[in-house]
Amino acid sequence: MTLINHKWERPTSSKHCNHSFTTSIPTPTCVIPNQFIKSIKNPHSISRNFTLFLRDNNKSSIKRILTESKMGEIGGTSMIGDVKLGKMFFEPILEEGVFRFDCSADERNAAFPSLSFVNPKIRDTTVMSDHKVPSYIPTFQYLAEQQIVYFELPAGTSFYGTGEVGGELERTGKRIFTWNTDAWGYGPGTTSLYQSHPWVLAILPNGEAFGILADTTKRCEIDLRKESTAKLTAQSPFPVVTFGPFASATDVLTSLSHAIGTVFMPPKWSLGYQQCRWSYDSDMRVREIAKTLRDKGIPCDVIWMDIDYMDGFRCFTFDHEFFPNPKSLADDLHRSGFKAIWMLDPGIKHETGYSIYESGSEKDIWVQTADGKPYVGEVWPGPCVFPDFTQEKARSWWSNLVKDFMSNGVDGIWNDMNEPAIFKSITKTMPESNIHRGDAEFGGHQNHLHYHNVYGMLMARSTYEGMKLGNPNKRPFVLTRAGFIGSQRYAATWSGDNLSTWEHLHMSISMVLQLGLSGQPVSGPDIGGFAGNATPKLFGRWMGVGAMFPFCRGHSEKGTIDHEPWSFGEECEEVCRLALKRRYRLIPHIYTLFYLAHTKGSPVAAPTFFADMKDRQLRTNENSFLLGPLLVYASTVSDLGVHQLQHTLPNGTWMSFDFQDSHPDLPALYLRGGSIIPFGPAHQHVGEANVNDDLSLLVALDENGKAEGVLFEDDGDGYEYTNGGYLLTIYVAELKSSVVTVSVSKTEGSWSRPNRRLHVHLLLGEGAMIDAWGTDGEDVQIVMPSETQVSKLISDSQNNYKMRMETAKRIPDVEKASGNKGIELSGTPVEIKHGEWALKVVPWIGGRIISMEHLPTGTQWLHSRVEINGYEEYSGTEYRSAGCTEQYTVIDRDLELAGERESLKMEGDVGGGLVIERNISISEDNPKIFRIDSSIVAHNVGAGSGGYSRLVCLRVHPTFSLLHPSQSYVSFTAIDGSKHDVWPESGEQCYEGDLRPNGEWMLVDKCLGLGLVNRFNIDQVYKCLIHWDCGTVNLELWSEDRPVSKQSPLRVSHNYEVTRIL
């Protein structure tokens, strides 16, 4: 959830609030000379020996060594002015192929303890290694307390990872900042989201993989914009740890898991579908949702309680009127096969008499201001204090509260707003000067800048440990919005407050995969989108692919239409039912993948290129992904069903299949040749399953007629599996003399094999299959049909598939058009892209610009939801007066006018015979600039008024996103010659007369070294207004306030350009 704070009379339209982060300045690298390497007797004392070596050698020797150092050796540093630079020195740690790099021995010794490593001592301990020298040694710059590290990799390297990020799957050409940010309604260009993973996964041209971890909790810039170069910048000092190169990306992720830990073992019920909304406002509504799910036969395991279950948003309380007996509600849900998950935020209401506040104050566990007082910031309950989770006593206090909270029938806990998000703050979080009195093992007493990115992870850890205290025999399930690399040890996550758009549906696949590539396998989006209203087709399509994600939950915000699976008509409801039944059939396979992720560090969902690391075409495939050997191929294009797409598959054998449930709005499924996966009945909830249920195996033989697969089984909860209380079975299949034999080749665990039937399905191609029944644990044989019979089976399967697609009850296409005049547009934004700019415009709601991206710098200066903020224009002085929500008609699109390459002309009726006309254009002559020409025009003003309209004002109201709020300001020179730098602390400022900017003003981001220049016609602009808000700023242009006629319209012409600031 996210709060959007508005000025004056603006309504609060969202539950969360956005954040800030600062920049990056280049930084250095260090190298150790060969002479020194040869002199080392004890590899565990590299740092000390290197220091002594430098001390004992004269300056000329050191200069010679540095001059002779080459890549692949360890070298030293040099100085150019105030800049220290060189190659980094290294030492092998953890295991074969893993190296730690530091800029110098002093920087190594000064580095903070690791909060990403499961055992911080491992990062600081040298090990013996067969590989004396890393394949890639970084260089560094060290300037103004910033350390910049450069990795130069082979040409053709593809970059991935970087944690929770929007946009494309491949991160080559992108830049992000690790700074946990309440990023409600984010877009593909948003550079900081809710979690921080200072991690890059590089796929080399030869298919090998290489991992880079910047082991710092501070704000870190990851810049991948230069080809085959990874640039990492953060406050110094920090070590860099590399993994590989190894033969595959899975090998790198496995090695990474040995450092940061594997994912917690989830309870099996958490793999079922989960239904959520902000908010189900009473226990009566919760029971109604539960009953409807069961009555309609829609599988589901969990119902979530958002923040409104609390008494005045006070954590660990319940609303006496609407949730008077939470234990009774939980018991009812349990009887129907549901689990109940409840939200807990970090903000504790600052209120005398509130027992949670009183006990925390008594134990002195709050985050403090710089002057040592408890910090008070506003969140949902109003003024709040915040537990300092960097202290053991605070974590213990929270854990014990969670332990007691569990007695209400709580099955899982949802940690939200834990970036931490703060309302009414320009940075959308607490001041960086706040003090955390951290444990020595974390780095001791430090300011918030140091601990900000790990606050959410430490809260999730405390919640996880509290749940274990509350019920030691059950596995905790915690969902956290904020996290850091390593938080997968304690919690699942989701991709935050997304939008109900096709763009976000498409992006959700890459976001799930990117988190998996960064060590967090348990993630998924808010299916259907959190903000905005999904359409039936969008919701059904999203449920189809979302049912295949590791974490599967539908969620939506207040003020939107209902987003339950039955809310969009019977056609969409049926697609949702099919999708979720498909998921429940595959839970035995998905649960096995989680066991392997928990024990081996392998991914659950992986990009398709994992099937062929050398195939460069697959590296940008964003419509498909792997669940082990199972490939899921989805359509995220509104007007094309999955059967209408050209499916790009990896090399080798891939057998298509379904459960007689193929539908244009459901993904296609393929099984890799040589694989076996288990599946079971489509239960209504996981608790319905019985160990004696029939077990099914899906078999796809490889070119050698063989296949293999694995099934993990245990109680689905608890920890008996850690003591051998499980059954892991490896099944094999082999074709010999026209007979396929399926048998058990190996087992692990102390469980006895259940007495159950085994149903084997052998794939033949194009969805065709033959089957045989037997007893699990005994050989099952299938006689292969003749080639003629196989051809007939495949032909029949193709015809049946075609028939199902043609006769499927399609979800109606009810996307709205923009009107019957001009060019009709669907709910997909109009894109204007040329030169240095990419803009997205939504004509059907206010004609607003919702995205403004500067392509050369990759900076998204403006990004908003469809129905509010972004670039708006009004016809009056009042905020959101006529013009900002009306439907605009597209008059011209892509006109080939002289000197214009891209343009969009619209008009919107604002009543009283008036229209706002707006023309957005990017010139061929100067593609660095995009221009907006707007006017209020009298089309049909009555003669009784003398041909003049009501009093109107053309008010231009852009809402720009602040990537670094504390380092952003507005600069201009006024008409009278006075110079102004307007910072966020100034609040709202209005400039009229000679104090107006003299035709231009600039929004400066010091961290990025960029300025957004807005130039305008001073004769048309009578007032300029700056309003700073929560992570945003408005730079408004107001025309004069007067009536208009056909002969005297109001006009404002202006343009935008990005310039670099020294």
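This is a predicted model: local features need pLDDT of at least 70, side-chain atom pairs count only at pLDDT 80 or more; totals for chains, interfaces and linings use all residues.
Reader: Where is the place of serine 635, and which residues is serine 635 in contact with, leaving aside its neighbours within four places in sequence?

Author: Helices (H or I, at least four residues) and strands (E, at least two) are DSSP runs numbered from the N terminus, and serine 635 sits in the loop between β33 and β34. Contact means heavy atoms within 4.5 Å; with neighbours within four places in sequence left aside, serine 635 touches Arg541, Asn623, Leu640, Gly641, Val642 and Leu645.

Reader: Which backbone atoms does the side chain of serine 635 reach?

Author: A polar contact is a pair of N or O atoms within 3.5 Å; within protein, one must be able to donate a hydrogen and the other to accept it, and residues adjacent in sequence count only if both atoms are side-chain atoms. The side chain of serine 635 lies 2.5 Å from the backbone oxygen of leucine 640, and a polar atom of that side chain is 3.4 Å from the backbone nitrogen of valine 637.

Reader: What is the strand order of the open sheet that holds β33 and β34?

Author: Two strands pair if DSSP finds at least two bridges between them. The open sheet has five strands in the order β31-β32-β33-β35-β34, with antiparallel pairing. Its edge strands, each pairing on one side only, are β31 (605–607) and β34 (654–657). Neighbouring strands of this sheet are turned by 35° against each other on average, direction ignored, where axes are lines fitted to C-alpha atoms, for helices over the stretch in contact, and angles run from 0 to 180 degrees between N-to-C directions. Within the sheet, β32 (residues 624–627) and β33 (residues 630–633) pair in the antiparallel sense over four bridges, with leucine 626 opposite leucine 631 of β33.

Reader: How many residues of strand β37 are buried, and which way do they point?

Author: Six of the six residues of β37 (residues 695–700) are buried, so this strand is largely enclosed by the rest of the structure. Leu695, Leu697 and Val699 point one way, while Ser696, Leu698 and Ala700 point the other way, and all are buried.

Reader: In which sense does β37 pair with β36 and with β41?

Author: Strand β36 (residues 675–679) runs antiparallel to β37 and is joined to it by five bridges, with isoleucine 677 standing opposite leucine 698 of β37. Strand β41 (residues 757–765) pairs with β37 in the parallel sense, likewise over five bridges, and leucine 762 in β41 is the bridge partner of valine 699.

Reader: How is the span of helix α10 to be read, and which of its residues are buried?

Author: The expected span of a helix is 1.5 Å times one less than its number of residues. Helix α10 (residues 392–405) has 14 residues and reaches 20 Å from its first C-alpha to its last, close to the 20 Å expected. Its buried residues are Ala394, Arg395, Trp397, Trp398, Ser399, Leu401, Val402 and Phe405, and they pack against elements including β19 (339–344), α9 (355–363) and α12 (455–470).

Reader: Where should I look for cis peptide bonds and positive phi values?

Author: Most residues other than glycine have a negative phi, and most peptide bonds are trans. Here a cis peptide bond joins tryptophan 278 and serine 279, with omega about -5°, and serine 279 is in the loop between β17 (274–275) and α7 (283–295). The bond from glutamate 419 to proline 420 is also cis, with omega near 0°, and proline 420 lies in the loop between β23 and β24 (435–437). As for phi, aspartate 364 has a positive value near 55° and is partly exposed at 35% relative accessibility. Asparagine 869 has a positive phi near 65°, and its relative accessible area of 10% makes it buried.

Key. Residues are numbered from 1 along each chain as its sequence is written. Side-chain values use heavy atoms; hydrogens and water are left out. Buried means under 20% relative accessible area, exposed over 50%, partly exposed in between (1.4 Å probe, protein chains only).
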